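Reader: I have a structure to go through. Could we discuss its overall dimensions and then its fold?

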Amino acid sequence: MAEEKPAPWPTWRGSEWWRRLNGRGRSVLMLDYDGTLAPFVQDRLRASLYPGVADRLLALAQCSQMRLVFVSGRAARELPHLLPPSIQPEIWGSHGRERLLPDGRYQAYPLSPAQSEALHWLSRSIGERGFAQLLETKPGSLALHTRGFSLDEERQITRVAGSLFAEIEKSGFDWLPFDGGIEVRAAGCSKATAVEEILSTEPADAIVAYLGDDRTDEEAFRALSGRGLRVLVRETVRPTAADLWLKPPDELLAFLDQWWEAVSDEKSTALWNSDHQSAP
Ligand SMILES: O=P(O)(O)OC[C@H]1O[C@H](O[C@H]2O[C@H](CO)[C@@H](O)[C@H](O)[C@H]2O)[C@H](O)[C@@H](O)[C@@H]1O
């Protein structure tokens, strides 16, 4: 399917679309984490939000008419440590396999016994080939991180992982290249299924947007087709199903500000005592 270029922020910020959000009862803002709200770094446990994002998230989390949801490839229980401590977030982690609710309740879709066994085998086999330190083990998937390696090394690691993946693919797994590595994910859950479940409890006229940067976010974008605004957050544009392209961090902050202005009851322009001024 042909993918059109997403609109750049300068043409979108004054568009009619905001009128729909302004003053409406219900809105849903779904946010990816890595690459979208936080720049990539080598150590995944040190991936901090762009300056100014924490303030915006705190303000949005207080808006009673909107639902703020984080949809991440990370394990759900890892993400709260990277978000402002006073937010009690709703998180869909591990590509839709897990859900952590604001009240602390946790739900996860189990793997089939064959998937479970195959994932253990894959982890062991990758370790035996000397790549154990590159592995991130999550509910339902294994990520193999190659950030910081040369292209040749990355190709070699990917080749080894690819041949092992071929051994377990028939047990129900997807092969997902992502920014900084590859992931082998048990089939059945994805960011698309997360988006579908989130929206299944929302009224049809709720205003919805999803912000993401990576190839796994394209699954969410496609699931949102005709239902909400798909926003690519990335330094450079690429072929995408998104409607809008934001360059982080300034355009991301401006988007969050404009969303807040539309949904908040306060309608104050002096909200931020933050370290960042939005683009004019
Ligand atoms: O769906 P996301 O919230 O965007 O998560 C995608 C993956 O993010 C993490 O890895 C990425 O970020 C790390 C920290 O910047 C970086 O070191 C790594 O190279 C990136 O691929 C996370 O570790 C993965 O589990 C997520 O799937």
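Author: With 280 residues, a compact globule would have a radius of gyration near 19 Å, and the protein chain agrees, at 19 Å. That radius is taken over C-alpha atoms, and the globule rule is 2.2 Å times the number of residues to the power 0.38. This is a predicted model, in which local features need pLDDT of at least 70 and side-chain atom pairs count only at pLDDT 80 or more, while totals for chains, interfaces and linings use all residues. Residues are numbered from 1 along each chain as its sequence is written.

Reader: What box do the C-alpha atoms fill?

Author: Roughly 60 × 40 × 40 Å, taken along the principal axes.

Reader: Turning to the fold, how many helices and strands are there?

Author: The protein chain has eight helices and 13 strands. These are DSSP runs numbered from the N terminus, helices being H or I of at least four residues and strands E of at least two.

Reader: What is the strand order in the open sheet?

Author: The nine strands follow S1-S13-S12-S11-S2-S3-S4-S5-S6, with mixed pairing. Two strands pair if DSSP finds at least two bridges between them.

Reader: Which strands stand at the edges?

Author: Strands S1 (7–8) and S6 (106–108) do; each has a single partner strand, so one side of each lacks a neighbour in the sheet.

Reader: How do S1 and S13 run?

Author: They run parallel, and two bridges join S1 to S13 (residues 244–246). Pro8 stands opposite Trp245 in S13.
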